[in-house]
Amino acid sequence: MIDLRPPAYTVGWLIAGLGAAMLIPWAVDTVYAPEARAGFLASALATFLFGAFLVISCANTSGQRYSLQQTFMLTSGVWIILPIFGGLPFLANPQSGNVVNAYFEAMSGLTTTGATIFTDLDALSPGVKLWRGMLQWFGGVGIIVFAMVFLPELRVGGMQIFRTEGFDTLGKILPRAVAIARSVFSIYLILTLACAVAYSIAGLGFFDAVVHAMTTLATGGFSNYDDSFASLGAAAEYVGVTFMLLASLPFVRYVQLAAFDGQPLLRDPQVRGFFIVIIMLVSALVLWRALFITADFEAAFRKALFNGVSVMTGTGFASDNYMLWGSFPVALLFFAGLIGGCAGSTTCSVKVFRYQLLFAAVRAQVKRLHVPHGVFHPRYAGQRVSDEVLSSVIAFFMVFLISLAVIAVLLGMTGLDMVTSISGAVAALCNIGPGLGPVIGPAGNYAALNDAAKWILAAAMLLGRLELMAVIVLFTRQFWRG
């Protein structure tokens, strides 16, 4: 029998912290929208008390070493339970109206997906807009720590290749998580502040600059406006691109850079691979727009750059309705969303390093076909890749494709059309946000979907954000016997 008290103790602290954080948007609404403040105060009180009760009831397990099963329970439990409480303030909003919508919006926020059920963002109170941004900001820093600490330890999807990188001397999992969180949080906060200042210089008001800075660094994509970045100006788009790219790089490299060691960043193969793909993607989009849409090269470049980076990094901002660009750009952006950024960043989807490992394995196999008696081993960053890592990566790709197919079929069974079902499955599982088509595309939202589809998509967001295996393992008999 797995002792759930140690992970419950940690989750309790996080719930209590979430409740305390709700006082910030409550204070904002107290000043600017007094009629909306009651929902935040009641939610903050209920959330904090529940978290405190959980901490007190499980306090006798404080400091215990986590087993493998307890670690899996903690990672999944955080992203399943926190959206329940994070969605409480949305229940008081008439645009949300029910538990399904509130949970969907909170799950989208904490998983930094960016899919929204709100149809009139302009009408939301400042507190609700700020809370949406805060949820994504919390989720962004949380996923960095999760990717740097837990995934390598749990050997999920080939992440064990980074197990000894940067923080290999820091003892147990939770002490390591705390130490890494301190290093990462300071860098994350500095980048967020820098982004907010840059947005302010680009012409955004203080409030918009802060909220968009939080959702940009989290590569989350929640905006304060229905048209996202379309009306924020060219300068804001360039600022957004800059910080989306910065948020897509491994944060361990920033920690090393802060220690005046820039070589690991320059030598990182996934960083080079990420920028190569970005350059190829944007170049193709720019050429298409310049030839078939507009003769204004700067506008063609800016729109292609912003929307291409936004989709590939899984941010989900939009400065134009790229569904109107033609079939080629739509197909290109669809597949770009299946790539993602670098491991150990706030980005989502498959991640560049997994494709690099897969191609390395294919290249080695092709060499064996040419020289049957030769000995060829896949290599990554100059090091031989173990069979365990390759097996994990191949298993990840197989589970990813199967999950994508199952989610799309389930969405189709709820009555959604094929484009909405397939693109919705990709948008949720890859935590991109907008899908394709008139319903959930860059000019739409998820409000019109039925409740069953929203539950399926919320589950897909969780599955994708936790790299599939960390959730799927909970449904195996061996896990509960172990």
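Colleague: How many aromatic pairs does the count come to?

Modeller: This is a predicted model, in which local features need pLDDT of at least 70, side-chain atom pairs count only at pLDDT 80 or more, and totals for chains, interfaces and linings use all residues. Residues are numbered from 1 along each chain as its sequence is written, and side-chain values use heavy atoms, with hydrogens and water left out. Rings of Phe, Tyr and Trp (its six-membered ring) pair if their centres lie within 6.5 Å; planes under 30 degrees apart count as stacked, over 60 as edge-to-face and the rest as tilted. By this rule the count of aromatic pairs is 25.

Colleague: Are the rings of Y199 and F229 stacked, edge-to-face or tilted?

Modeller: Their centres are 6.0 Å apart and their planes stand at 55°, so the pair is tilted.
The two residues are 30 apart in the chain, with Y199 in helix α8 (residues 173-201) and F229 in the loop between α9 (206-217) and α10 (234-247); helices (H or I, at least four residues) are DSSP runs numbered from the N terminus. Both Y199 and F229 are buried, that is, under 20% relative accessible area with a 1.4 Å probe and protein chains only. The class of the pair is thus tilted.

Colleague: In which helix is F306, whose ring pairs with that of F229?

Modeller: The ring centres of F229 and F306 lie 4.9 Å apart with planes at 40°, so this pair is tilted as well. F306 is buried, as is F229. The pair spans 77 residues, from the loop between α9 and α10 to helix α14 (residues 297-312).

Colleague: How many disulfides does the structure hold?

Modeller: A disulfide is taken as a pair of cysteine sulfur atoms within 2.5 Å. For C195, the nearest cysteine sulfur is that of C348, 17 Å away. At 0% relative accessibility, C195 counts as buried. The number of disulfides is 0.

Terms used. Buried means under 20% relative accessible area, exposed over 50%, partly exposed in between (1.4 Å probe, protein chains only).
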